[in-house]
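Keep the model open while reading.

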Amino acid sequence: MFLFTACCLFIIGAAKDDGYGTYNPTYLQLLIPNGWPKPERDYFAKNKMTEQGFQLGKKLFYDSRLSKDREVSCASCHQPFGAFATFDHDLSHGVGNSFTTRNAPALMNLAWMNAFHWDGGVNHLEVQPLGPLTAHNEMGQSLDSVIIILKSDTAYKRMFKAAFGDASISSQRMLRAFAQFTGSLVSANSKYDRVMNGQDTFSNFEQNGYRHFKVNCSGCHKEPLFTDNSFRNNGIALNRFKDAGRQQITGLASDSLKFKVPSLRNLQLTYPYMHDGRIFSVPQVIDHYIAKTQTPYAGMDSLLQKPILLTKLQKNELVYFLYTLTDTSFTKSKRFDPDGPVYFKH
Amino acid sequence: MNKLALIRSAAFMSLACFFQLAAQAQSNQLQVLVKFVHTANGKPIVLQDSAYQNAFGEAYQLTRLKYYISNLGLLGKQPAQAAPSVYLINAAQEDSIELKLKAGIYDSLAFTLGVDSIYNCSGAQDGALDPLNGMFWSWNSGYVFFKMEGYSAASTADLQRIEHHVGGYLGAHKASARVAIHLEKPLLIKEHSGPVIEVTLDLDKYWKGKNDLTIASNALIMAPGPLAIKSAENFAGMFSVRVVE
């Protein structure tokens, strides 16, 4: 009996207000769009998605105070209006007007990815932010400093409590909140999706383009995600940064110049293209593949060893189809937008 | 302290005692302390302060020496019991690990230098594996198992640095090492015996072990790969064990 009373008292005591608000999590689930496969990895098995975790992740994502010069946030290079890629930039910028050596990839449908970065060096959604937070030419901050900044901010303490049950702030909680936001960035409402769901129809041009796509592109840019998440050498030459891509992670010569196959969703907004943004327009990308596949070489991907043949008209049709992958409900989503005004340093 | 707080802390303490007693009654586990010490040239390693020399006559100073120990346990006739935890040992401080064991006779100590692959690919970890400890690669996910940094006139790297960041959990790049060392004589663990086992890492044997690691040609090891494997192959040979009491 004494023990029972003690337990009750202890529980009442623990629930006493600590000044950082309440903990009433609203659980969320990652919705799998119609016709999509289930993600291979469940990033939210241990990290239960909640509205409060999502909101905390969003605040972190748009917070430039986390960077060394307090001017660069995740959103500086992953801009919502550019499908969370850097709009109209070949290379994205970091602190102190530095340049990175790669084009910031669009952030969408990340829950369906097994590896991150152009070279796949990051093996889990949760640990991805460690790269940009600490890289000298991105946010340039030490992880310790990031945690100190968060710990000194009452608003964050309240949000960590709302998301995780108490106001203590750790790198694990921060990274999990980031994953709840970035993993929620699902783009699945383009014209293409509406057509597939029987809610819309392609124009003749788009329909012809879809046929060219299936013949020439879908081997790597597999529907419905428009990527097969593989790493391939698509015939681009070594750049001035000597970026060997996947080889830098695996150390294998056979992985030289292999980069992750990017999704083609929202590609109208994610120009310029390739890992270093070297190609500025969609027609130029198609020209690249036409040119490279006329004279393939051994290191190039096996799916590019036979010539891609498209007339000028067919090329245009293909571009029309690719533009049906633009999802403005995603890029203009109020849910993913910052809650207040945000300064984009570009 | 007000009345309510007093009652609450008393209640908490009695609860805590209750659980502790319950746990002891359940498994009757005894405690062994495993202490880690670090030496070079037969002297204790003092970071930043002392100068050492490896078997190749290369003088060096150390600024950092940290490594992960996991699956630590004593082996004997009893079924093997390994501590499920991962520990980060840092030569900058006195580190010891409390092992809980059943009574019995044990004849060897075993552990893994490194971190099991599952922790390398399962997202953000905490405790010893918190990336705040500076032992997680952000650009090529996975833990640095062994981190040694310092300076040497023999180093050809920038600022004559030595940086050995040894890790890798995948396939041929797997750089963790299983270390199993026989005790000089079997160790009887019984109630109130409370032995301390001292594990010594002798850095002399790191530089010259199964492989020769001269500073002149191995000043920097920064990523998983053949160089890290060459280093990891020297891990098992650098440890020795002695029972202190």
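In which loop of chain A does A:P224 lie? A:P224 sits in the loop between helix 9 (204-216) and strand 1 (231-232) of chain A. Helices (H or I, at least four residues) and strands (E, at least two) are DSSP runs, numbered from the N terminus.

## Ground rules

This is a predicted model: local features need pLDDT of at least 70, side-chain atom pairs count only at pLDDT 80 or more, and totals for chains, interfaces and linings use all residues. Residues are numbered from 1 along each chain as its sequence is written, while chains are lettered from A and ligands numbered from 1 in the order in which they are written.

Most residues other than glycine have a negative phi, and most peptide bonds are trans. Chain A has exceptions. A cis peptide bond links A:E223 to A:P224, with omega about -5 degrees. Another cis bond joins A:Y271 and A:P272, where omega is about -10 degrees. A:P272 is in the loop between strand 2 (259-260) and helix 11 (282-294) of chain A.

A:N229 is not a glycine, yet its phi is positive, about 60 degrees. A:N229 belongs to the loop between helix 9 and strand 1 of chain A. It counts as partly exposed because it has 17 C-beta neighbours inside 10 Å. The cut-offs: a residue is buried if 20 or more other C-beta atoms lie within 10 Å of its own, exposed if 12 or fewer, and partly exposed in between, with C-beta atoms placed from the backbone. In chain B, B:L159 also has a positive phi, near 60 degrees, and is not glycine. B:L159 lies in the loop between strand 10 (142-151) and strand 11 (161-167) of chain B. B:L159 counts as exposed because it has 6 C-beta neighbours inside 10 Å.

## Helix 2 and helix 6 of chain A

Helix 2 (residues 51-61) and helix 6 (residues 154-164) of chain A cross at roughly 145 degrees, and their axes come within 7 Å. Axes are lines fitted to C-alpha atoms, for helices over the stretch in contact, and angles run from 0 to 180 degrees between N-to-C directions. On the helix 2 side, A:Q52, A:G53, A:Q55, A:L56 and A:K59 meet A:M159, A:F160, A:A162 and A:A163 of helix 6. Those residues divide into 5 nonpolar, 3 polar and 1 charged. Here Ala, Val, Leu, Ile, Met, Phe, Trp, Tyr, Cys and Pro count as nonpolar, Asp, Glu, Lys and Arg as charged, and the others, Gly among them, as polar. Two residues are in contact if their C-beta atoms, placed from the backbone, lie within 7 Å.

Why is helix 2 of chain A described as largely enclosed by the rest of the structure? Because 8 of its 11 residues are buried. Among them are A:F54, A:L60 and A:F61. The cover includes helix 3 (74-77), helix 6 and helix 7 of chain A.

## Helix 7 of chain A

Helix 7 is mostly covered, with 12 of its 12 residues buried. A:R173, A:R176 and A:F178 are among the buried residues. They pack against helix 2, helix 5 (143-151) and helix 6 of chain A.

The length of helix 7 (residues 171-182) also agrees with expectation, because 12 residues at 1.5 Å a residue should span 16 Å and the end C-alpha atoms are 16 Å apart. The expected span is 1.5 Å times one less than the number of residues.

## The core and chain B

The largest nonpolar core has 125 residues. Such a core is a set of buried Ala, Val, Leu, Ile, Met, Phe, Trp, Tyr and Cys residues joined through C-beta atoms within 7 Å. Residues with the most contacts inside it include A:M108, A:F178, B:Y68 and B:F145. Strand 4 (residues 59-76) of chain B gives the largest share, 8 residues. Leaving out residues up to four places away in sequence, B:F145 touches residues including B:Y67, B:Y68, B:L113 and B:V166.

Chain B has 4 helices and 15 strands. Of its 245 residues, 34% are buried. Among its contacts between residues at least 6 apart in sequence, 74% join residues at least 24 apart.
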